[in-house]
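Dear colleague,

I am handing over the structure below, and after it I set out what was found. Please read the notes with the structure open beside them.

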Amino acid sequence: MIKSLTPYASKFKKYPLYCLFFIAIEVICDVVQPIMMALIIDNGIANKDLDYIFFHGMIMVVLAIIAMIAGALGAYFAATAGTGVGAEIRQAEMKAIQNFSFSNVDRFSTSSLITRMTNDTNNIQMTLIAMLRLLVRAPLMLVFAIILAFQINQELSLIFLVATPFLGITLFFIVRTAFPRFFSLQRAIDRLNRVLQENFIGIRVVKSFVRGKEEKAKFAAENANYKKSALHAMKVIMFNMPTMQLTVYSCMIAVLWFGGNLVNTNVIGAGELLSFIAYISQILMSLMMLSFVFIMITRTKASVQRVVEVLETKSEINDDDVVIDIPVANGAITFKDVDFSYGGNSDDEILKQLNFSIESGHILGIIGPTGSGKSSLVQLIPRLYDIDDGEIYVGGKNIRQYKIKTLRDSVAMVLQKNTLFSGTIRENLMWGNEHATDEEIMQAAQYAQAHDFIMDFPDGYQTVLEQGGGNLSGGQKQRLCIARAILKQPKILILDDSTSAVDTETDGKIREAFFHHLPDTTVIIIAQRISSIAGADQIMVLNEGEINGLGTHEELLGTNAIYTDIYETQERGAEV
Amino acid sequence: MAKQKSMKRKPQHLAKTLQQLLSYLMMNKLALFSVVICIILSTGAGIAGTYFIRPIINDYILPGDLGGLARILMVVGVIYLFGVLATYGYNRIMIQISQNTIQKLRQDLFDHLQDLPIGFFDRTNNGDIMSRFTNDVDNIQEALNNSVTQILAAFLTITGTFVMMLIISPILTIVIVVMVLVMILIIKVIGGKSSYYFGQQQQFLGNTNSYIEEYVEGQKVVKVFNHEDEVMAGFDVRNEALQGASQKAQTLSNAMMPILGNTSFVSYALTASLGGLMVVRGMLDIGSLGSFLQYSRTFSQPLSQVSQQTNTLLAALAGAERIFAIMEISSEVDDGTVTLERTETGNFWLTENQRIPVVGNIELKDVSFGYTPEEPVLKHINVWAKPGLKVAFVGATGAGKTTITNLINRFYEIDTGEILYDGLPITTIKKADLRSTMSIVLQDTHLFTGSVMENIRYGRLDASNVEVIEAAKLANAHDFIKRLPRGYDTILSGDGGNLSQGQRQLLAIARAAVANPNVLILDEATSSIDSHTEQLITTGMDQLMTGRTSFVIAHRLSTIRNADVIMVLDHGEIVERGNHEELIQKKGMYYKLYTGQIELD
């Protein structure tokens, strides 16, 4: 567990040592206390030497203060290292996710990535802090206390040598028995939560089929199962406390008996006997803490596994072998024998043997039934996914010859699912170009037909968007996303069904703007409506991953069955 | 419908919540009583054991009475043994109580949720409801498992120890009392500071988490805009703030233990010196000093336990309060008296004095409705439908299409007007019976973990395997099911995640078919489905609709061209009605929708 996370502790490499140092001081002070007390009783009181008594009392107070400071510093270093490593892990995860390719994200699923970054990482942080403090403290306490006990009397110390392994082994077995039980408890929790989740998501189904009674019974069964598993696991852990007490009490009696005999024969003083009693609780307490930390560690194992999975996933899309950062010359695109499937699964090919070219500055329209591979096709151009076979050229060069950053900088893409981020409209638009002037921003918004509705907001461009742009309509969001893409001044602009919520008239104005104001930009438009792409230089009809037709509107109409069919369904209404 | 979030950390109505929680605990009165007895025995044994140091040293060890020592140690041994057994006893009984309580609480909450009106689920985030079951119930469980017994034991220990100290030496006790006051002060100061930083940590954690959520969800856009570095920079700021706060919070809470522990060493030192002085002056004997010292050492532990566990307890009470708040929301009212009788020859409505055959005639008369009184969603709607008739609703987003279906099966109650089912006002029919004669197929298909067979049978639990397969065939689902690795026995997991959207839709249609309803409500799927499956779904739905009263919420106009009546909704009103040809000719709203001049969704 520790090994896989050590790279993230580099900044804090020395902290465990500091921790060890201060906690050692604290422990030594604590362990010496009973000896001072024994001296007071056996020498001070016996000789009625008040100075001796007060002197050693003072030493005890000073020791306590030193221990207090050392303990607090130990806590500081443990907390700093623990939260520091936690923050570094979180940062490393965020970085890893930023570098993930689209297919990495698809595989993990967004919600699972979020839990890994939040809950799992916090678990690890808490365990690290506990480990640093208690894992250091307990063994030190054990060793020092036993050493000092031996100094006082070897025979009596044998009691610890019997009791410590007894308690250690018992606790070990308790933890070992408990671990698999907690594991199955976790599964019971997962099952219970699944029933809950499915019920809440599907509550309309449950209610409309009147299945409340059955759902309650289903939940009751899982609930009972959960209780059974919980009791099964906790029953074991419950032995911790009594075992600990049993050992402490047995030691007390043994110390009092054997120690009593030794005092009787004047081998040790009464004070020394009392100091032994003090050691009993110190030593056994530290063992108790160890078992507590071990339980914590076993519970955190799963979290570490899940976090490491994220950290160790490397994006399969990289530009490591690109040495020279060449700029993208223009927006010409060529596909040569391109095959593509998600996850490289050739049985499930999304795109098959695609061949086509677009000249720089031209407009390509893509149309075709859902699931025909339109969105997949355009995502290949900025290397959001890598192809299985074939070559893609942008600006006359294979896209694998560009640095990914350079390639993506020259391609702007408006995705089907529009994401805006919390912040002002202006800030969102500036994602396209962080150095954009107000004029440029306004111009891009005008091209995207967004300027007017932005100005209708009381705060205009300073209007604050909620997370995900919740306060905008679908069409407004789409237009902002288009403006954001235009602002990037790309060589290639891709609109993936990006005007579906915009009415036909505005849609037409946006296309006009592309035509007049972006003459050098290659534009690819995926659309459902023929009217959105009829004016394009080329139209591609995509069907089941293959090019079914390629040509202008006039060429396709009447010759391409799918195109004609779509045209007729959409136009017939208008003509009746 | 704004989703509401409620995440208050401190309980607002402490007394009331405590009382409610206690009423749950009190279901285990006898067990609870035994727990208290066991805790008394357990702490008593510990306190007594320490006290015995005094007579053991004074009366047996120092005088050298070894026979007596053996005898008294036997007595102490027996007391200790009872103590250990009592400790095991209360821990064991307490987890039983806590698990019983938690099980009951969880079941009551779930059962109550099942009875809540659909409006509650529309208003509340699923995540919020889930967190009642996870975080809140967990907090209560944690408190019941440990805090209750620990706090009780700590109080008993403190009181018992204090009494014993007074008995041994009132003068030394004053020293301890002063030191305890110092400790309480330390707990107050450090605890107060640390809870301030914990609050801050919680706030920064929330900030960081929502940043993570936003940008992990929008990661694809981040990549498209090459914005990774900026996102990282924003993240680092939040991550550092979080680390700063949690470092302080953790330092303080971790420092509490060594500080308190060593404060008790100070009182140990003071007792040792002062006690030594008293022994020298003959005011105290060594045995008394011995047991007093041991008491003074153990005083800090129960104190820090109380301060720790109080936090856990407060968190549990805050959680309990949120749970009880849900339990206080009133259940869906069902005051219908008309019931359904299922017979071989058909189904009948049983009113007080009539037996009306279930046909499926539905009539909406002048229906108005709004989710909130200020915002009417539907205004004066009149619709009439009978078996074999397909009624389609179209309109732009927010026109109120989906709302109509919420009213027919009484997910929501209408404000004015009347809905009649075979001539009976639906408010007079028992809800369960009303709904069991209707099936809805929603645009988001929800399946449950279980086999394909079980998922279809969800529509009618007593359907035979043959009937399930018949329904699947009717819904065009049979072919793809046969091709699944284990056919009808294939286990679906995670809301049918291993099926495509289209396949899930087909299963939902089969599920509706097996219910053999009189009335069908179909909300068309909007998400991407390949053309082949789309064809299967359309014909499956058409076959299902044959001979039934059907309401279709249309998201694509191509599928409703064969509807008998199309209702065009705009801002809650039916602005046009007629069949496809009539409406096209009218060149009104429908025409605009159809030609794409107005966007459908």
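A salt bridge, as the term is used here, is a side-chain nitrogen of Lys or Arg within 4 Å of a carboxyl oxygen of Asp or Glu. One such bridge joins the side chains of Asp122(B) and Arg204(A), with 3.0 Å from N to O, and the count between chain B and chain A is three.

Please keep in mind that this is a predicted model, in which local features need pLDDT of at least 70 and side-chain atom pairs count only at pLDDT 80 or more, while totals for chains, interfaces and linings use all residues. Residues are numbered from 1 along each chain as its sequence is written, chains are lettered from A and ligands numbered from 1 in the order in which they are written, and side-chain values use heavy atoms, with hydrogens and water left out.

The interface

Where contact means heavy atoms within 4.5 Å, 147 residues of chain B are in contact with 142 residues of chain A. The area buried between the two chains, which is the accessible area (1.4 Å probe) that two parts lose on being put together, summed over both, is about 12900 Å², and carbon and sulfur atoms give 66% of that area. Val224(B), Phe225(B) and Tyr458(B) supply 5% of the area that chain B buries against chain A, which is more than any other three residues.

There are also 35 residue pairs in polar contact across this interface, both residues being at pLDDT 80 or more; a polar contact is a pair of N or O atoms within 3.5 Å, where within protein one must be able to donate a hydrogen and the other to accept it, and residues adjacent in sequence count only if both atoms are side-chain atoms. On the side of chain B that touches chain A, the largest share, 30 residues, comes from helix 9 (residues 228-280) of chain B. Helices (H or I, at least four residues) and strands (E, at least two) are DSSP runs, numbered from the N terminus.

The nonpolar cores

A nonpolar core is a set of buried Ala, Val, Leu, Ile, Met, Phe, Trp, Tyr and Cys residues joined through side-chain atoms within 4.5 Å, and buried means under 20% relative accessible area, exposed over 50%, and partly exposed in between (1.4 Å probe, protein chains only). The largest core has 220 residues, and those with the most contacts inside it are Leu113(B), Tyr421(B) and Phe551(B). Helix 10 (residues 270-312) of chain A gives the most to this core, with 18 residues. Not counting residues up to four places away in sequence, Phe551(B) touches a set of residues that includes Ile362(B), Val383(B), Phe393(B) and Leu522(B). A second, separate core of 56 residues includes Phe100(A), Phe340(A), Phe421(A) and Phe225(B).

Salt bridges in the whole structure

Over all chains, a search of the whole structure finds 29 salt bridges. In one of them Glu309(A) pairs with Arg116(A), the closest N and O atoms being 2.9 Å apart. This pair links distant parts of the chain, with Glu309(A) in helix 10 of chain A and Arg116(A) in helix 5 (residues 110-152) of chain A, 193 residues apart. Glu309(A) counts as partly exposed because its relative accessibility is 42%, whereas Arg116(A), at 8%, counts as buried.

Arg511(A) and Asp507(A) also meet in a salt bridge, at 3.8 Å from N to O, and they are separated by about one helical turn because they are four residues apart in helix 17 (residues 504-517) of chain A.

In chain B, Arg410(B) forms a salt bridge with Asp335(B), with 3.9 Å between the closest N and O atoms. Arg410(B) is buried, with a relative accessible area of 4%, while Asp335(B), at 51% relative accessibility, counts as exposed. Salt bridges that share partners join Lys207(A), Glu332(B), Asp335(B), Arg410(B), Glu413(B), Lys431(B) and Arg435(B) into one network.

Two residues with positive phi

Most residues other than glycine have a negative phi. Asp497(A), although it is not a glycine, has a positive phi of about 50°; Asp497(A) is found in the loop between strand 9 (492-496) and helix 17 of chain A, and is buried, with a relative accessible area of 12%. His571(B) is likewise a residue other than glycine with a positive phi, near 45°; His571(B) is found in the loop between strand 14 (565-570) and strand 15 (573-578) of chain B, and counts as exposed at 58% relative accessibility.

With best wishes
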